[in-house]
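Dear colleague,

Please find the structure below, together with its sequence.

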Number of protein chains: 6
Amino acid sequence: MLFWPEVERIVDRALAEDLALGDPTTQALVPPDLQGQGSLLVKAPGVLAGMEVAALVFHRVDPGAELEVLVRDGAAVQPGTVTGVVKGRVASLLQAERTALNLLTRLSGIATETSRYVQAVAGTGCTIVDTRKTAPGLRSLDKYAVRVGGGRNHRYHLGDGILIKDNHLQALKLQGLSLAQGIARLRAEAHHLLKIEVEVKDLGEARQAVAAGAEAIMLDNMGLEEMARVVRKFKGKVLIEASGGINLSNVRQVAETGVDLISVGALTHSPRALDISLELES
Amino acid sequence: MLFWPEVERIVDRALAEDLALGDPTTQALVPPDLQGQGSLLVKAPGVLAGMEVAALVFHRVDPGAELEVLVRDGAAVQPGTVTGVVKGRVASLLQAERTALNLLTRLSGIATETSRYVQAVAGTGCTIVDTRKTAPGLRSLDKYAVRVGGGRNHRYHLGDGILIKDNHLQALKLQGLSLAQGIARLRAEAHHLLKIEVEVKDLGEARQAVAAGAEAIMLDNMGLEEMARVVRKFKGKVLIEASGGINLSNVRQVAETGVDLISVGALTHSPRALDISLELES
Amino acid sequence: MLFWPEVERIVDRALAEDLALGDPTTQALVPPDLQGQGSLLVKAPGVLAGMEVAALVFHRVDPGAELEVLVRDGAAVQPGTVTGVVKGRVASLLQAERTALNLLTRLSGIATETSRYVQAVAGTGCTIVDTRKTAPGLRSLDKYAVRVGGGRNHRYHLGDGILIKDNHLQALKLQGLSLAQGIARLRAEAHHLLKIEVEVKDLGEARQAVAAGAEAIMLDNMGLEEMARVVRKFKGKVLIEASGGINLSNVRQVAETGVDLISVGALTHSPRALDISLELES
Amino acid sequence: MLFWPEVERIVDRALAEDLALGDPTTQALVPPDLQGQGSLLVKAPGVLAGMEVAALVFHRVDPGAELEVLVRDGAAVQPGTVTGVVKGRVASLLQAERTALNLLTRLSGIATETSRYVQAVAGTGCTIVDTRKTAPGLRSLDKYAVRVGGGRNHRYHLGDGILIKDNHLQALKLQGLSLAQGIARLRAEAHHLLKIEVEVKDLGEARQAVAAGAEAIMLDNMGLEEMARVVRKFKGKVLIEASGGINLSNVRQVAETGVDLISVGALTHSPRALDISLELES
Amino acid sequence: MLFWPEVERIVDRALAEDLALGDPTTQALVPPDLQGQGSLLVKAPGVLAGMEVAALVFHRVDPGAELEVLVRDGAAVQPGTVTGVVKGRVASLLQAERTALNLLTRLSGIATETSRYVQAVAGTGCTIVDTRKTAPGLRSLDKYAVRVGGGRNHRYHLGDGILIKDNHLQALKLQGLSLAQGIARLRAEAHHLLKIEVEVKDLGEARQAVAAGAEAIMLDNMGLEEMARVVRKFKGKVLIEASGGINLSNVRQVAETGVDLISVGALTHSPRALDISLELES
Amino acid sequence: MLFWPEVERIVDRALAEDLALGDPTTQALVPPDLQGQGSLLVKAPGVLAGMEVAALVFHRVDPGAELEVLVRDGAAVQPGTVTGVVKGRVASLLQAERTALNLLTRLSGIATETSRYVQAVAGTGCTIVDTRKTAPGLRSLDKYAVRVGGGRNHRYHLGDGILIKDNHLQALKLQGLSLAQGIARLRAEAHHLLKIEVEVKDLGEARQAVAAGAEAIMLDNMGLEEMARVVRKFKGKVLIEASGGINLSNVRQVAETGVDLISVGALTHSPRALDISLELES
């Protein structure tokens with residue numbers, strides 16, 4: 001689910017960057033009423049995301065330009081797949097092209113990368129989740145693309161989940177408070193539908209966190225064996241999330257320790273754009 | 001040079017995504033007046049970009065938070081380099097952390113990748129330039145980071161340079177116009193300080209473009225030998241840009257053909273974030 | 001904790017409504033350089049909220065106007081209490097007055113009403129929480145005032161907590177799905193730090209909800225005896241929230257049933273402004 | 001008359017507060033294409049206001065959702081009245097529900113309260129007017145609701161009417177100027193279509209104000225007998241407005257003194273929301 | 001009086017148009033830390049307006065750039081007058097220059113033109129007023145400049161004064177209503193501090209308007225003799241405004257008929273910019 | 001080509017200035033459902049510009065109001081020409097009227113003035129161009145109107161063309177750099193599609209500029225004979241632009257010197273609005 005007024009703001013902002021000050025090339029060379037059409041052509045294998053967003057880009061440039069979606073978000077695509085056909089004034093298509101592709105290729109890149117992690121852990125029961133490491137201004141779309149790719153979102157922002165990190169633990173210590181006392185404060189002050197997750201570095205800290213009332217624990221950069229020990233002890237009692245230093249070559253091993261969730265910052269902080277182009281015919 | 005009202009808009013938008021709806025964890029656990037400081041710690045080798053932008057993030061969350069910049073944008077950094085120290089209320093530092101890092105690691109990632117390409121072509125006289133394939137809403141920062149990394153910008157948007165692509169050529173044909181006639185139109189209509197670049201696929205098209213009056217030509221996905229032929233023919237007469245399918249493993253070969261410019265979309269469409277973290281002490 | 005860029009937007013918007021098109025009365029009658037000061041004078045007993053917000057209003061009208069806060073948010077105030085003194089150009093004080101008071105009296109009204117409910121249930125261990133029934137555009141401030149008044153927030157928006165209402169239950173039925181199946185879907189799709197609350201109308205529905213995995217239940221417009229039955233059965237197993245038709249005259253009875261939380265829409269949808277005025281001396 | 005671009009801004013802002021970050025409950029439980037409809041059901045007697053605004057909320061969430069207005073703004077409604085039927089995707093209806101109701105119940109609450117005052121003074125020829133004590137950011141809607149309830153607006157902001165209050169009088173004194181000199185300045189500087197009202201505390205001040213050229217006088221917190229004296233003296237010569245400390249139990253007495261206008265801040269600073277709910281069927 | 005948040009919006013918008021996408025010339029040629037100063041030099045006689053606005057432009061580009069105002073708004077200036085000196089980084093001064101001058105020269109142009117009309121009617125007791133024919137987006141500044149030039153504002157927008165034009169009269173006729181009935185409606189519905197002005201074409205219509213209760217009449221494109229007749233009849237009873245077809249060559253004659261006000265659209269719809277430049281020394 | 005999201009922002013902003021706070025006159029006197037139509041009637045000879053913009057104004061006030069464009073932008077119009085007919089609710093037409101006309105008359109004024117210059121140089125081969133001296137916030141429309149009037153745009157903003165002015169030359173001197181060194185820097189740093197223009201005061205400076213690599217030279221306030229000398233020397237080698245002190249009475253002489261371009265600031269800094277009115281029938 002996307003909130004369209006927000007997507008519209010993102011699209012208008014992006015168009016303003018590229019188009020607001022005119023396009024002399026097209027203006028001089030393309031007759032304003034020349035009609036044409038273009039195909040969104042995939043050039044690398046991946047998972048598609050952002051077709052409706054791309055459709056909005058064409059629509060904002062020219063309400064008369066219409067993108068017919070042939071392949072829906074979430075589908076696996078191959079080089080040669082035509083995911084949609086856009087029809088309208090050629091000038092409009094040329095002016096919307098770059099902005100539409102910048103969005104579509106980024107989102108498809110995120111979905112594609114996510115799906116690789118999801119496939120890598122297939123059958124383990126482990127879930128791939130994202131982080132707050134998103135492109136500034138694009139969080140809603142970046143997180144949408146993770147879901148399209150088969151991942152699940154972690155908390156959206158600082159306010160919709162409680163995560164006690166080492167800096168918070170340190171602040172507790174400075175106040176002479178135990179973790180349990182900190183969690184008691186959170187239960188008294190934060191709203192009652194938020195669960196509490198605590199970052200831990202080893203089994204000992206995990207024990208303390210669970211004893212103090214954590215409902216989830218985040219194993220931060222923990223070794224595989226230590227993870228396995230934590231899982232043996234707490235699986236099913238609290239949610240167990242692995243985080244830090246996880247990539248495609250080690251994600252399966254991490255998943256096989258039995259953790260419930262693996263969070264991967266790279267899904268959104270370093271996605272490779274999926275190569276998609278607009279092939280125009282006029 | 002960055003236009004600060006625009007950077008402020010980007011920062012406020014990003015903060016709103018992460019922080020606008022509160023941070024119950026910090027609010028419950030960190031005393032509001034607890035002062036502390038944190039170090040921006042680099043964890044991977046690269047080129048730094050975005051320190052002033054990060055400083056603005058801390059400042060917008062809390063005017064009392066001050067980032068002392070120890071290393072300036074453009075410097076090569078190593079794992080262990082501390083690029084700056086931010087001081088202020090611990091709660092404010094925790095709340096600004098993610099947004100500041102999301103910007104700093106993206107921009108440093110772009111600068112780092114750019115510098116790799118720049119080094120790869122060192123000594124050839126060839127310039128690495130970016131494209132309009134930037135993250136939607138972040139073009140001004142993305143292009144700034146390319147410059148910080150030693151690259152140069154291509155045109156910023158559709159309006160500040162003329163690039164006749166195949167779709168424009170096709171539109172000319174449909175009107176029964178030659179490229180020369182198209183360029184004549186552009187000279188009559190576009191403003192007089194914009195140069196005209198034409199996309200070409202081989203030496204034949206390059207000849208036509210130059211004959212028609214192009215001041216720069218973009219060799220689109222051309223083979224190395226064909227590039228070399230074009231260079232021999234037109235070097236010094238028009239600017240020659242290579243584009244398409246160029247990566248770190250082949251960029252030097254392309255540069256050695258003698259082209260003036262190489263544009264690389266991946267600099268901004270698929271940068272890997274440079275790993276930088278905030279280490280707090282309170 | 002308030003996110004100041006958001007508060008600034010609210011303040012600027014409010015000032016624009018009142019002042020953007022000038023103030024001919026003050027302009028003609030008050031010399032621009034006449035300095036003066038004014039006291040924020042409370043005229044009815046209550047709980048103060050919004051002093052920093054009011055300070056921002058004066059500051060936005062005139063950076064030279066300074067509000068010295070004498071009484072902090074959360075304090076009980078009486079008729080005659082002076083909560084702050086603002087100094088600056090008389091013209092600026094007059095122009096900021098209405099906007100500052102509109103914010104301060106609304107927020108103090110919410111805090112005051114909240115504190116009445118909190119006092120009414122004192123000693124029962126029950127917590128008063130708000131709802132999403134806030135003034136459009138002012139949610140962040142309205143919810144802040146509830147906290148100032150000693151209440152706690154319920155979820156902030158549709159995204160930071162899961163509440164299955166009767167309409168959702170009906171949708172499940174239409175799909176031939178049980179509540180347990182619905183909750184399983186939520187566990188698979190929503191992020192893992194959100195708890196699930198289910199609206200129930202009687203003990204039977206409460207049983208079903210708890211059996212299906214609800215972590216909290218909302219007793220919707222339930223009679224006192226039925227509430228007591230639900231509490232006897234589930235207290236300590238799930239969080240129990242009472243909601244609907246609760247006011248100052250019956251809230252203690254509801255609290256004495258042993259429910260954990262009572263949500264009161266009237267705190268924010270129908271607060272009475274606390275009477276506070278600005279008394280100027282020049 | 002409402003200015004729709006402004007209403008659209010209010011609606012989008014309110015939706016962003018509630019919905020921008022998603023609605024996991026609905027997303028997981030309600031099939032996206034499930035169609036349904038809902039009735040806006042009144043639960044307390046009052047005067048309806050805001051139906052077109054509510055319609056816009058549904059439309060902004062989903063252009064396919066349509067609210068059929070059965071009862072128009074200004075109508076008296078009773079418990080059980082269905083004021084409109086909205087049809088569309090169930091998910092969209094659930095997501096727009098709270099925002100639509102927050103607007104509709106506030107505006108209807110204002111209209112209802114206004115109509116009580118209007119009825120209380122029926123037959124006296126006295127007019128009920130509002131003040132600038134509106135919810136920040138909602139002035140245009142709050143003032144619209146007053147009109148719907150049968151009241152009339154006072155000036156909209158500081159710029160569209162001249163009201164000389166005691167602070168302005170004091171500023172005049174400090175400059176050694178009489179009220180007549182102040183009014184002369186206003187006639188020279190303010191635009192010529194604005195009338196001048198002067199706040200007065202007793203008959204003596206009223207005499208001075210009228211002698212100085214006031215076109216309206218505002219009797220500030222004046223006793224009933226003093227008001228009657230002022231009315232006997234000046235009725236028909238200047239407009240006479242009563243203000244301060246007026247509520248439903250004394251408004252008729254005030255009106256019967258013969259004042260032309262009674263301004264009531266509580267209409268907009270402390271309205272009770274009219275209870276209206278959305279009853280969905282799917 | 002200017003509302004600074006609004007001026008800031010105008011300035012930021014204007015800067016974004018000119019500067020947001022960089023200034024390669026200055027960036028390449030001017031060392032970023034080179035300090036310098038510049039003088040605002042008047043090149044034609046006129047009345048100065050907009051110095052504080054210009055100061056804000058420099059400040060927004062670079063908080064370190066400071067404009068010292070030597071001559072204040074409203075002063076008569078001559079070729080060679082230096083109205084202010086701005087100091088700061090040369091690069092910043094160059095980048096703010098055009099935007100600051102575009103505002104300063106427009107506003108001074110309006111003030112200058114206004115002062116010409118004001119001088120032309122000097123001694124007649126007639127007041128020069130503006131209209132709503134302002135540059136879109138700049139009304140607050142345009143109207144400020146008229147006041148600086150010695151004129152007075154007419155109503156600011158459609159809402160702060162009542163002006164019954166021929167189209168409204170026609171609408172009344174279509175409804176079978178007399179002007180008096182229309183005015184009665186306005187007295188019942190519009191707020192009580194707005195005066196009612198009626199557009200009239202000759203003495204007959206003026207009689208009807210005054211009889212119907214108009215408090216001001218606007219003589220629309222009336223001949224001098226007819227104006228004089230209207231003045232003889234109604235001077236002192238209602239305000240009399242002349243409008244339409246009035247320019248510098250006939251404005252004194254119009255004023256000498258005895259009308260109270262003359263409105264001149266050209267003040268703001270067709271002002272000639274006053275020539276002012278920035279002379280830099282570095 | 002206009003970028004419609006930007007035009008929409010300009011229109012909404014302008015409407016907000018005029019209409020956001022209501023129109024009591026129309027509201028009281030014109031029945032909301034009264035349909036009518038109006039003609040856009042030209043009252044002075046000129047060139048039309050802004051019809052589509054005007055259409056948008058009516059549409060934003062009331063989606064049911066439709067402007068049928070009878071005469072297109074760029075056409076020469078005469079007193080009496082009806083350029084379009086707008087149909088819809090009379091109240092909506094009255095409320096949109098002023099804003100639509102403020103835009104249409106300004107843009108047509110710019111187009112008209114531009115066409116006068118263009119005609120004055122007809123046959124000389126010289127092109128009339130604008131400057132950055134536009135109304136703040138309206139640059140995109142002002143520059144559009146210049147094109148409609150037969151002129152051509154100069155650079156749009158500081159970033160899409162390189163113009164080395166005397167202040168830049170002075171900065172070079174301070175650094176001990178020659179103009180050629182400055183141009184070398186620009187070639188290394190600015191993007192490769194921007195041409196470099198240098199401001200010169202006489203033939204000597206022109207020689208230096210061309211020798212240093214300028215691709216265009218701007219003759220700043222140069223005498224006709226000196227211009228002619230420069231033209232004889234450099235025509236065809238670099239673009240030659242005349243600027244400064246050029247008006248309708250001397251523009252032909254300047255053009256006849258053989259310069260390629262003449263830039264005229266007055267086109268946009270001091271245009272006279274073209275008199276166009278809306279004649280309503282209901």
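In β12(A), Ser277(A) is the residue that stands opposite Leu41(A). Please note that this is a predicted model.

The two strands concerned, β1 (residues 35–42) of chain A and β12(A), run antiparallel and are joined by six bridges. They belong to an open sheet of four strands in chain A, with the order β3-β5-β1-β12 and antiparallel pairing. Because β3 (66–69) and β12 (276–281) of chain A each have a single partner strand, they stand at the edges of the sheet, and one side of each is left without a neighbour there. From one strand to the next, the twist averages 20°.

Helix α4 (residues 90–120) of chain A lies across three of these strands, namely β1, β5 (82–89) and β12 of chain A. Relative to β12(A), the helix runs at about 160°.

Finally, a word on the cysteines. With a disulfide taken as a pair of cysteine sulfur atoms within 2.5 Å, the count over all chains is zero. Residues under 20% relative accessible area count as buried, so Cys126(E), at 10%, is buried. Cys126(F) is likewise buried, with a relative accessible area of 11%.

Yours sincerely

Technical notes:
Residues are numbered from 1 along each chain as its sequence is written. Chains are lettered from A and ligands numbered from 1 in the order in which they are written. This is a predicted model: local features need pLDDT of at least 70, side-chain atom pairs count only at pLDDT 80 or more; totals for chains, interfaces and linings use all residues. Side-chain values use heavy atoms; hydrogens and water are left out. Two strands pair if DSSP finds at least two bridges between them. Axes are lines fitted to C-alpha atoms, for helices over the stretch in contact, and angles run from 0 to 180 degrees between N-to-C directions. Contact means heavy atoms within 4.5 Å. Buried means under 20% relative accessible area, exposed over 50%, partly exposed in between (1.4 Å probe, protein chains only).
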